[in-house]
Amino acid sequence: MKIFETLDDIINYGNARLYYMCTASMNVQKKSPMGEKFLCKLLGYTSVPSSEDRGDAVDDNGVYYEFKNSFTNSGQNLNIRQIRLWQDVDYYYCFYINEEDLDKSVFFVLTKEQMAEEAALCGS
């Protein structure tokens, strides 16, 4: 059995179920930036400084990604905000993390064009 002393240990280990169980009680303002760090580590991407206006991460091929997380809410719906369509991003990773039942969590990837269509349909 692996023993973890800090949340950074869990992030470095890359266990998503354990990570989301440990962060469930945190407020969204705290866990969202931590989630970006976790996803970069898990996917092998490099974090992108916000000053670059290029999303949250870049892979070794120069493809840029924005992570959008939504956590357990009363309607159990994906609820993402701050979609910055002006950013030069290639893909959006969209996550709904159901902290009450992690097996009911969903995730999908949209191209920038698909995200623009969704924003037009659902509001920006």
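Met-115 lies in helix α4, which spans residues 112–122; helices are DSSP runs (H or I) of at least four residues and strands are runs (E) of at least two, numbered from the N terminus. The model is a predicted one, in which local features need pLDDT of at least 70 and side-chain atom pairs count only at pLDDT 80 or more, whereas totals for chains, interfaces and linings use all residues. Residues are numbered from 1 along each chain as its sequence is written, and side-chain values use heavy atoms, with hydrogens and water left out.

Met-115 counts as buried because its relative accessibility is 2% (buried, under 20% relative accessible area; exposed, over 50%; partly exposed, in between; 1.4 Å probe, protein chains only). Its C-alpha atom is separated by 8.0 Å from that of Leu-85, 30 residues apart along the chain.

Asp-59 is found in the loop between β2 (57–58) and β3 (64–71). Asp-59 is buried yet has no salt bridge (a side-chain nitrogen of Lys or Arg within 4 Å of a carboxyl oxygen of Asp or Glu). The nearest side chain of opposite charge, Arg-54, is 9.6 Å away; Lys and Arg count as positive and Asp and Glu as negative, with His and the chain ends not counted. A polar atom of the Asp-59 side chain lies 2.8 Å from the backbone nitrogen of Asn-61, and the side chain of Asp-59 also reaches the backbone nitrogen of Val-63 at 3.0 Å. Beyond its neighbours within four places in sequence, Asp-59 is in contact (heavy atoms within 4.5 Å) with Tyr-45 and Tyr-65.

Phe-107 is found in strand β5, residues 106–111, and counts as partly exposed because its relative accessibility is 49%.

Notes. Polar contact = N/O pair within 3.5 Å; in protein donor to acceptor, adjacent residues only side chain to side chain.
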